[in-house]
Protein chains: 2
Amino acid sequence: MMKYFNFPDRRSIRKYSDRAISIEEINEILEIASRASTTGNMQLYSVVVTQDSKRKELLSPLHFNQPMIKTSQAVLTFCVDFNRFSKWCEYSDATPGYNNFHSFISAALDTTIIAQQFCAIAESKGMGICYIGTTTYNAAGIIDLLNLPKLTVPLITITLGYPAEIPELTDRIAVNGFVHREEYCDYDNEMISNIYGYKEEIEDNKHYIAENNKQSLAQVFTDIRYKKEDNIRLSNEFVKVLKQQGFFE
Amino acid sequence: MMKYFNFPDRRSIRKYSDRAISIEEINEILEIASRASTTGNMQLYSVVVTQDSKRKELLSPLHFNQPMIKTSQAVLTFCVDFNRFSKWCEYSDATPGYNNFHSFISAALDTTIIAQQFCAIAESKGMGICYIGTTTYNAAGIIDLLNLPKLTVPLITITLGYPAEIPELTDRIAVNGFVHREEYCDYDNEMISNIYGYKEEIEDNKHYIAENNKQSLAQVFTDIRYKKEDNIRLSNEFVKVLKQQGFFE
C-alpha cells in the first residue's frame with residue numbers, strides 16, 4: 001500500500017508494511033534534511049540509525065515496548081551533539097565552551113529542526129513516520145545502549161517505514177486558537193470553551209473518558225496520561241542526564 | 001522574483017521582495033503546519049505574528065537589530081505554551097501539573113516541530129524564511145513586549161517574505177559525518193579532519209579567519225561568535241526566564 005501524503009493530510013503512521021528501506025535511502029533523506037537551518041551552520045546533532053533486530057530488541061523496553069520500534073524498517077534517534085563540534089575545536093587549537101545549558105538549548109533546536117525536516121521529506125516520498133515521545137524519559141538508558149559520549153543527549157526518536165494503514169486524521173484545535181496578532185491575547189473561559197469544546201464531542205474521546213472513569217477529557221490527561229508526579233520525576237531525571245552529559249558545567 | 005526551492009536546494013532567505021503576505025495566508029500555512037506531530041495531541045505552542053511596523057521597531061533591538069525583522073513581511077515568534085492547555089484543564093475540573101522542566105522540554109519539541117513544518121510549507125509555496133537565532137538570548141524582553149503569560153516562553157523566531165535573492169547554498173558536512181549505524185562511533189582526529197577539513201578551504205572562510213586575526217575557523221567560533229563567557233551568561237539568564245515563567249516549580 002503506497003500513498004503520497006502531502007502537508008495538509010499527513011498523519012503519523014504506526015503500522016508499517018514489510019517493504020524495506022535501506023541505509024542508503026535513509027542517508028539520502030538525511031543528507032537533504034541537513035539543508036535545513038542550523039545555528040551558525042554548526043550542525044549540532046547526530047543521528048543513530050537502528051535497523052538490526054537484536055538492537056531493536058534492546059531499544060524497545062527503553063521506549064515502553066511501543067510496537068513501532070520493532071515493526072518499523074528503521075528507528076532513528078536524533079541526538080543533541082556538541083561533542084563532534086567541540087572535538088573539531090580542540091583539533092583546531094580552539095577552546096570550546098559549550099558545556100552549558102544555553103548550548104544544549106541551541107543544539108536541541110538544531111536537532112529538532114533536522115528531525116522534522118527528515119519527516120517532511122520522508123512523507124513526501126510516500127514513507128510514514130511516527131514520533132516516539134519517550135526519548136527523554138529514559139535518556140540514561142538510551143545513552144548506555146547507543147554508547148553516547150559526553151555533550152550528546154538523545155532527544156527525539158522517529159520510526160520509519162512504508163504505511164500499512166491510512167489512519168483517520170486526528171483532530172486539531174482551530175488555527176485562531178493558537179495564533180496571536182501582534183501580542184499574546186490571554187485565554188478566558190469563553191475562549192477556552194470555544195477552542196477545546198469540540199473535543200468532548202468526539203466519540204473516541206467520550207469512550208476514553210468513560211473507560212477511565214473520568215468526568216472530562218482533561219482529567220484523562222492530568223490524572224492518567226501526563227501526571228504531575230511523573231512530570232516532576234522525569235524533570236529531575238532529565239536534569240541529572242544533562243549534568244551527567246556535561247551540559248551544566 | 002519567484003522561485004520554488006524544494007528540499008534539496010532550500011536556502012535561508014535574508015532579503016525579501018515587497019510582495020505582501022496577508023495574515024490569512026500565514027494562518028493557512030499555520031493551519032496546515034498544525035497537522036505535524038504533537039505530544040499527545042496537546043499542541044503545546046502559540047505563535048505571535050508581528051506585521052505592524054511599529055511593533056517591528058520594538059522587536060528589532062531584542063534581536064540585535066538584525067535587518068530581517070524590519071524588512072520581512074512578517075515575524076513569527078513561536079512560543080512554548082502550557083498556559084492554554086493548563087487553562088483548559090482548570091476549566092474542565094482537572095488539576096494541571098505542567099510547571100516543570102520536563103513539561104517545558106515536551107512543549108519545546110512541539111514548538112520547534114510546528115515551526116519547522118511552517119518553514120517547509122512556506123518554502124513549498126515559493127516563500128523564503130530565515131531563523132533568527134536570538135530568541136532565547138533576550139527572552140525576558142520578548143516576553144514583556146509580546147505580553148506572554150506564565151507557562152509560555154518564546155523559543156524560535158522566523159522571518160517570512162518572498163525572496164529578493166537567490167543566495168549560494170551554504171556548505172554542510174557530509175552525511176556520514178553525523179549519521180551512526182546501530183551505535184555512536186566517537187570521533188578521532190582523523191575523522192574530525194575528514195569531516196571538517198573542507199571548511200578551511202572555502203574562500204569565504206579564509207577571509208573570515210584572516211579578518212578576525214585567527215588561525216582557524218574554529219577559533220572564530222570559540223573566540224568571537226559563540227564564546228564561553230556569553231554562553232554561561234545566556235544559560236543563567238534563560239534558566240531565570242524558565243523559573244520566572246513557572247517551569248521550575
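Trainee: Which way do the residues of β2(B) point, and are they buried or exposed?

Mentor: Ala74(B), Leu76(B), Phe78(B) and Val80(B) point one way from β2(B), while Val75(B), Thr77(B), Cys79(B) and Asp81(B) point the other way. All of them are buried. Keep in mind that this is a predicted model.

Trainee: Why is β2(B) described as largely enclosed by the rest of the structure?

Mentor: Buried means under 20% relative accessible area. In β2(B), 8 of the 8 residues are buried, so the strand is largely enclosed by the rest of the structure.

Trainee: Which strands pair with β2(B), and in what sense?

Mentor: β1(B) pairs with β2(B) in the antiparallel sense, over 6 bridges. Within that pairing, Val47(B) stands opposite Phe78(B). β4(B) also runs antiparallel to β2(B), and 8 bridges join the two. There, Thr77(B) has Thr157(B) as its bridge partner.

Trainee: Where do I look for strand pairing between the chains?

Mentor: Look at strand β1 (residues 45–50) of chain A and strand β5 (residues 179–181) of chain B. These two run parallel and are joined by 3 bridges. Val179(B) in β5(B) is the bridge partner of Val47(A).

Trainee: How do I read the size of an interface?

Mentor: The size of an interface is often given as the accessible area lost when the parts come together. Here chain B and chain A bury about 9900 Å² between them, and 60% of it is on carbon and sulfur atoms. In chain B, Arg35(B), Trp88(B) and Glu182(B) lose the most area to chain A, together 9% of what that side buries.

Trainee: How many residues of each chain are in contact?

Mentor: 110 residues of chain B are in contact with 110 residues of chain A.

Trainee: How many salt bridges and polar contacts are there between the chains?

Mentor: There are 4 salt bridges between chain B and chain A. One of them joins Lys87(B) to Asp186(A), with the closest N and O atoms 2.9 Å apart. The rule also finds 70 residue pairs in polar contact across the interface. On the side of chain B that touches chain A, helix α5 (residues 101–124) of chain B gives the largest share, 14 residues. By class, that side has 54 nonpolar, 37 polar and 19 charged residues.

Trainee: Which residues of helix α4 of chain B are buried, and what do they pack against?

Mentor: Helix α4 covers residues 83–91 of chain B, and its buried residues are Asn83(B), Arg84(B), Phe85(B), Ser86(B), Trp88(B) and Cys89(B). They pack against elements of both chains: α7 (189–196) and α9 (217–225) of chain A, and β1 (45–50), β2 (74–81) and β4 (152–161) of chain B.

Trainee: What should I make of a positive phi?

Mentor: Most residues other than glycine have a negative phi. Just after α4(B), Asp93(B) takes a positive phi of about 55 degrees.

Trainee: Where are Gln43(A) and Leu151(A) found, and are they buried or exposed?

Mentor: Gln43(A) is in the loop between α1 (23–33) and β1 of chain A. Its relative accessibility is 1%, so Gln43(A) counts as buried. Leu151(A) lies in the loop between α6 (139–146) and β4 (152–161) of chain A, and Leu151(A) is buried, with a relative accessible area of 14%.

Trainee: What is the overall make-up of chain A?

Mentor: Chain A has 10 helices and 5 strands. Of its 249 residues, 61% count as buried.

Conventions. Residues numbered from 1 in each chain as written. Chains lettered and ligands numbered in written order. Predicted model: local features only at pLDDT ≥ 70, side-chain atom pairs only at ≥ 80, totals over all residues. Heavy atoms only, no water. Buried < 20%, exposed > 50% of the residue type's maximum accessible area, 1.4 Å probe, protein only. Helix = DSSP H or I, 4+ residues; strand = E, 2+ residues; numbered from the N terminus. Contact = heavy atoms within 4.5 Å. Buried area = accessible area lost by both parts, 1.4 Å probe. Salt bridge = Lys/Arg side-chain N within 4 Å of Asp/Glu carboxyl O. Polar contact = N/O pair within 3.5 Å; in protein donor to acceptor, adjacent residues only side chain to side chain. Nonpolar A, V, L, I, M, F, W, Y, C, P; charged D, E, K, R; others polar. Pairing = 2+ DSSP bridges.
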